[in-house]
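Please examine the backbone of the model shown below. The discussion that follows treats its peptide bonds and phi angles.

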Amino acid sequence: MEIKFIGAARTVTGSMHLLKFNEKQFLLDCGLYQGKRKLAFEINKTFPFFNPEKIKALILSHAHIDHCGNIPNLVKNGFKGPIYCTSATKDLVVLMLKDSAYIQEKDIKFVNKRRLKQGKNPFEPLYTIQDVEQSLRQIVAVKYREEFEVDEDLKIQFFDAGHILGSAVTHLTIREDNRQIKLGFSGDLGRPNLPILKDPEKIPEVNYFISESTYGGRLHDKIEGTQEKLVDIINKAVARNAKVIVPAFSVGRTQELVYSFHKIFEKRIAKRIPIYVDSPLSTNVTEIFRQHHECFDAETCDFLHKYDDPFGFNQLTYIQSVEESKKLNDLKGPLMIISASGMAEAGRILHHLRNNIANSNNIILMVGYCAENTLGRKIIDREPIVKIFGEEFKLNAEVITLHSLSAHADENELVGYFSNFEMSQLRETFLVHGEFESQLTFADKLKSLGYKNIRIPERGQIFKI
């Protein structure tokens with residue numbers, strides 16, 4: 001058996017890993033590489049390490065675009081097999097991929113206007129809505145914890161990863177040459193005690209484990225102090241009549257924030273201020289959340305019995321139209337605008353940052369991981385001048401970074417998950433989905449605890465098992 005690491009290898013984006021055994025090929029995730037646009041397009045448009053036509057099935061960990069976003073291109077290039085994921089992931093992927101295709105076609109149209117004026121050939125989008133529609137017909141929903149036979153030589157079980165709605169840690173049982181190989185794939189691993197979702201579940205014993213390492217070498221703030229910090233931010237906004245601008249991922253982070261503010265306002269521990277969720281995708285994703293109570297933890301289920309809707313309350317407004325979004329510019333604070341994308345790379349959040357970032361009275365609240373070279377990372381690093389739509393702006397607004405809501409396990413939480421495994425059974429660990437320096441630190445931590453054979457694969461590297 002071979003594992004070839006193609007994406008999320010010494011980086012945190014473009015998750016994709018190829019399994020080859022018994023002359024068959026299977027793919028774990030098929031995510032979009034995100035970063036500098038020209039480089040990202042070059043990486044995403046082709047599949048140099050395998051032929052999509054020869055992939056028998058795709059196993060998808062969850063619906064974040066860096067894990068599922070290149071599926072339509074895989075299909076466009078000849079993949080005809082089934083795509084296995086949980087029911088909630090299936091519902092979210094419908095929204096995520098359609099939104100991705102829309103953005104791609106819109107961006108290409110804008111770029112091509114300039115190219116045609118310059119006498120250059122037009123670009124084509126990575127994929128279209130038609131490619132998405134074909135991809136969606138290939139998705140098969142699999143229940144958590146039920147063993148499912150993908151192939152006569154491969155069985156899988158999904159366990160709740162606690163990362164976003166529908167996210168899964170996958171346990172694979174592979175039969176090759178009269179032996180069984182137990183392989184685990186974390187996808188992205190969540191954290192214990194996060195709002196809304198259940199905690200990450202233990203999977204059965206494995207011989208090999210492909211583990212995310214986004215926050216290897218780093219620790220998050222304690223979740224228990226999150227409510228107090230959010231209250232402080234509301235109080236600041238009220239005292240200064242400020243606008244609070246929040247770049248937030250449409251899946252997970254937006255719903256967590258809304259739920260947290262709902263609890264704060266119901267407890268009357270902060271003054272109610274208007275909150276606007278300005279993202280059509282976030283609005284639609286919230287509807288999917290409402291349909292999947294089976295993913296909620298006990299506290300959220302109790303909240304549902306009392307208030308019916310954890311994602312709606314007085315003075316919360318979901319914005320759909322462009323016209324409504326533009327009207328937010330004319331409103332006076334105190335107020336909060338939550339908008340996608342979480343890394344501030346695209347979407348309506350760019351307009352809100354453009355209109356508010358130079359005002360020292362305002363607050364920018366950063367609540368999630370931002371990759372290198374993204375606008376979100378530049379804001380977190382408080383670069384004095386940032387570019388938005390090619391125009392330079394002074395970063396005068398107060399920047400508050402809240403690490404406690406991260407949906408990724410930190411180093412201690414990752415180590416805690418590893419402690420579920422019998423060390424003598426775990427022969428080899430592969431660290432993916434992390435920046436290289438963080439992975440080196442986390443690898444040293446695991447080695448110090450007695451774990452052996454910790455690998456940090458490079459893009460295209462093959463490991464034989």
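Asn453 is found in the loop that lies between α14 (436–448) and β21 (454–455); here helices are DSSP runs of H or I with at least four residues, strands are runs of E with at least two, and both are numbered from the N terminus. The phi angle of Asn453 is near 55°, a positive value in a residue other than glycine.

The model is predicted: local features need pLDDT of at least 70, side-chain atom pairs count only at pLDDT 80 or more, and totals for chains, interfaces and linings use all residues. Residues are numbered from 1 along each chain as its sequence is written, while side-chain values use heavy atoms, with hydrogens and water left out.

A positive phi also occurs at Glu23, a residue other than glycine, where the angle is near 60°. Glu23 belongs to the loop between β2 (16–21) and β3 (24–28). Its relative accessible area is 86%, and Glu23 is therefore exposed.

Which peptide bonds are cis? Pro334 is placed in the loop between α10 (322–327) and β15 (335–339). A cis peptide bond also joins Ala340 and Ser341, and its omega is about 10°. Ser341 is located in the loop that runs between β15 and α11 (349–356).

Note on methods
Buried < 20%, exposed > 50% of the residue type's maximum accessible area, 1.4 Å probe, protein only.
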